[in-house]
Amino acid sequence: MNALDRGAPARLATYQNLIGETWQSAQSGKTLPMVEPSTGAVFAHIAASGKADIDLAVKAARHAFDEGAWGKLAAFERGRLLMKLAQAILDNGEELANLEARDCGKPMKQARADVTATARYFEFYGGAADKLHGETIPYLTGMTVIGLREPLGVTAHIVPWNYPMQIFGRSVGGSLAAGNACVVKPAEDACLSLVRIAQFALDVGFPPGALNLVTGTGEEAGAALTAHPEIDFISFTGSPEVGAMVQRAAADNHVGVTLELGGKSPQIVFADADLDAVLPFAVNAIVQNAGQTCSACSRLLVEKPIYDRFMDRLAGLFSALRVGTHEADLDCGPLISARQKGRVENFLGEADAAKLPVLARGNIVEGTPDTGFFVPPTLIGNVPPDMRLAREEIFGPVLSAIPFSEESEALRLANSTDYGLVAALWTRDGGRQLRMARALRCGQVFVNGFGAGGGIELPFGGVKKSGHGREKGFEALYEFTQLKTIVLKHG
Ligand code: NAD
């Protein structure tokens with residue numbers, strides 16, 4: 001069998017599940033349509049999997065870990081396989097970028113950047129696989145104590161639709177490097193690139209069952225995976241509501257979980273900042289991936305003496321933004337679905353109802369299909385901090401600007417939402433840089449720069465409703481392992 005069954009419903013490609021080393025349709029035979037956000041048209045189908053498929057995948061992973069070739073590989077051999085997978089991703093980069101762009105609606109240049117980042121995850125964790133050391137602990141005379149870092153076993157990975165490849169790389173890369181066997185349930189809205197990457201993993205020689213991929217809805221396949229009694233850990237990225245359900249499922253099985261649940265992250269601009277440097281970051285941090293980024297900076301806090309001047313310049317940049325299909329490859333593409341578009345338009349309706357100043361809107365270019373899910377980037381001024389626009393994750397290209405008077409107010413506003421994922425701080429004052437960076441309640445702070453979510457090497461995760469646990473960097477390897485203490489008496 002092949003990942004891609006071309007004799008599919010309506011003659012569109014149907015993508016299958018990878019279980020062990022076998023590509024297979026859902027046990028029920030059901031499929032789900034995949035919709036192209038740029039046009040609203042169905043362009044492929046995926047397996048609509050359920051409990052039975054998840055059970056097979058978990059058993060395949062369990063076997064790979066407990067008895068199969070995967071569990072027996074030396075750390076450096078796992079690392080080599082991860083490196084080979086990184087190379088396969090780069091070698092097939094254009095195919096993957098095309099698939100990701102079409103599936104998610106993101107402009108081609110963003111999808112190409114996602115390919116590079118995904119390969120970097122496998123390079124980083126490939127290099128780290130044999131460098132994850134344990135420790136010895138000084139104890140009583142005549143005794144040696146070893147702290148042995150062991151894999152957890154079978155890890156479950158629930159991946160969202162906004163960055164399928166990148167979040168797959170971030171979640172699975174560390175887990176495989178640590179020696180776990182993985183079962184991945186990607187999002188039903190966008191996941192085709194992952195089916196291809198799973199094939200590349202087989203091609204480069206991953207033993208059967210090390211990596212299993214099962215598509216389907218969250219309610220059926222996702223819930224079945226997170227509740228499965230034979231998994232040992234869950235890595236989840238998505239909404240806070242589903243994150244809470246996943247955590248409950250983890251509690252029932254007494255397993256650990258990392259939750260990455262998005263944010264309402266602030267850019268904080270003080271009057272002494274280098275405004276030329278801030279402007280492109282303030283735009284990109286909300287327009288990248290049409291604002292559907294967990295670490296998007298969707299709040300802009302600006303010190304009052306520069307507020308009008310800065311907002312004028314920013315409005316100029318927003319007005320020049322061009323929106324179009326993934327193929328047009330402009331500044332911004334469509335949102336993922338009609339539902340997501342409706343959700344963002346609701347927020348914009350609240351701005352209208354409150355008569356808030358819309359300072360600028362980008363332009364949907366001529367010839368863009370009106371069946372696509374497009375919303376122009378929108379800059380809203382003087383947003384009252386207690387409005388939903390200033391507090392809730394919109395997950396669209398909408399930037400809410402809020403003026404502030406002094407450092408203490410900026411800090412209070414920045415920390416005033418239920419979220420705490422990242423923050424960007426723009427000031428030349430060294431004391432303020434460290435004071436603020438330490439007092440901000442979030443997982444990452446960028447000072448005089450911004451890189452949504454940070455590099456592969458940088459631990460990433462949130463506090464409060466943004467979740468808990470850390471992914472990326474070496475920190476993820478600690479999340480995906482457990483420490484066993486061995487006490488030897490030798491006299
Ligand atoms: P979601 O949380 O419903 O979906 C994320 C993943 O969880 C998908 O793979 C989905 O199939 C799965 N899932 C859904 N229900 C499940 C369940 N009961 N058990 C296990 N898995 C389940 O997110 P969404 O509906 O796609 O988007 C809604 C909102 O979530 C967005 O508007 C945005 O605010 C937020 N979101 C955040 C991120 C992020 O990167 N933090 C990503 C996507 C969405």
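1. A molecule is taken to sit in a pocket if more than half of its atoms lie within 2 Å of the grid points of that pocket. In this predicted model, the ligand sits in the largest pocket.

2. As for the elements around this site, those that contribute two or more residues to the shell around the ligand are α8 (218-226), β12 (233-237), α9 (240-253) and α12 (338-353).

3. At the level of domains, the shell around the ligand receives residues both from domain 1 (13-262 + 469-485) and from domain 2 (265-418 + 422-455), and the ligand therefore lies between them.

4. Of the 27 residues around the ligand, the ones that come nearest are W161, K185, E188, S239 and E393.

5. In the case of Q340, an N or O atom of the side chain is 3.2 Å from an oxygen atom of the ligand.

6. With regard to surface area, the ligand taken alone exposes 820 Å², and the protein buries 91% of that area.

Notes. Residues numbered from 1 in each chain as written. Predicted model: local features only at pLDDT ≥ 70, side-chain atom pairs only at ≥ 80, totals over all residues. Heavy atoms only, no water. Near = heavy atom within 4 Å. Polar contact = N/O pair within 3.5 Å; in protein donor to acceptor, adjacent residues only side chain to side chain. Areas by Shrake-Rupley, 256 points an atom, 1.4 Å probe, with all protein chains shown as cover. 1 Å grid on protein atoms, 1.4 Å probe; cavity = no way out; pocket = protein on both sides within 12 Å on 5 of 7 lines; lining within 4 Å. Helix = DSSP H or I, 4+ residues; strand = E, 2+ residues; numbered from the N terminus. Domains from an automatic or database assignment.
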